[in-house]
Amino acid sequence: MLDLTKQVKNYELIWFDGNKYSFRKPTQEFLMRVADLESLESTEDQINSLINIVYELLNSNLEGKEFTDEDMAMLDMSTFRLVLEDYMNSVYDSLGE
């Protein structure tokens, strides 16, 4: 018997203030947007898409926290990339289980 409750593993992120936020696994649409990042021709388009994807990810937290532009201003480009990379690595790791 397949027990889908065992498939529910959330990604967790601890914000700068120490609060912990949980996120579900990504949708297929989200994964496609991440995959499309590399195919964007201009660096500016890649940066804007990365920011939008991470903004969308952060605002999908299960605790209902709404991340504002002020919150997002705390992130530099390397942190945007790090958040998305860690989230995606967590997703890939859970697919292998």
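## Exercises: core and pockets

**Exercise 1.** Leaving aside neighbours within four places in sequence, which residues is Leu58 in contact with?

*Solution.* Contact means heavy atoms within 4.5 Å. With neighbours within four places in sequence left aside, Leu58 is in contact with Leu13, Trp15, Phe23, Lys65, Phe67, Met72 and Leu75. A note before going on: this is a predicted model, where local features need pLDDT of at least 70 and side-chain atom pairs pLDDT 80 or more, while totals for chains, interfaces and linings use all residues. Residues are numbered from 1 along each chain as its sequence is written, and side-chain values use heavy atoms, without hydrogens or water.

**Exercise 2.** Find the residues with the most contacts inside the largest nonpolar core.

*Solution.* Start with the term: a nonpolar core is a set of buried (under 20% relative accessible area, 1.4 Å probe, protein chains only) Ala, Val, Leu, Ile, Met, Phe, Trp, Tyr and Cys residues joined through side-chain atoms within 4.5 Å. The largest one has 22 residues, and Trp15, Phe23, Phe30, Val54, Leu58, Leu84 and Tyr87 have the most contacts inside it.

**Exercise 3.** Which residues line the second largest pocket?

*Solution.* First, a pocket is an open set of points on a 1 Å grid over the protein atoms alone, where a 1.4 Å probe fits, with protein on both sides within 12 Å along at least five of seven lines; lining residues have an atom within 4 Å of a point. Next, the lining consists of Phe23, Arg24, Lys25, Pro26, Thr27, Phe30, Glu56, Leu57, Ser60, Leu62 and Tyr87. Finally, the second largest pocket holds about 160 Å³ of space, whereas the largest pocket has a volume of about 330 Å³.

Conventions
Buried means under 20% relative accessible area, exposed over 50%, partly exposed in between (1.4 Å probe, protein chains only). Grid points are joined across faces, edges and corners, and a volume is the space filled by probe spheres set on the points.
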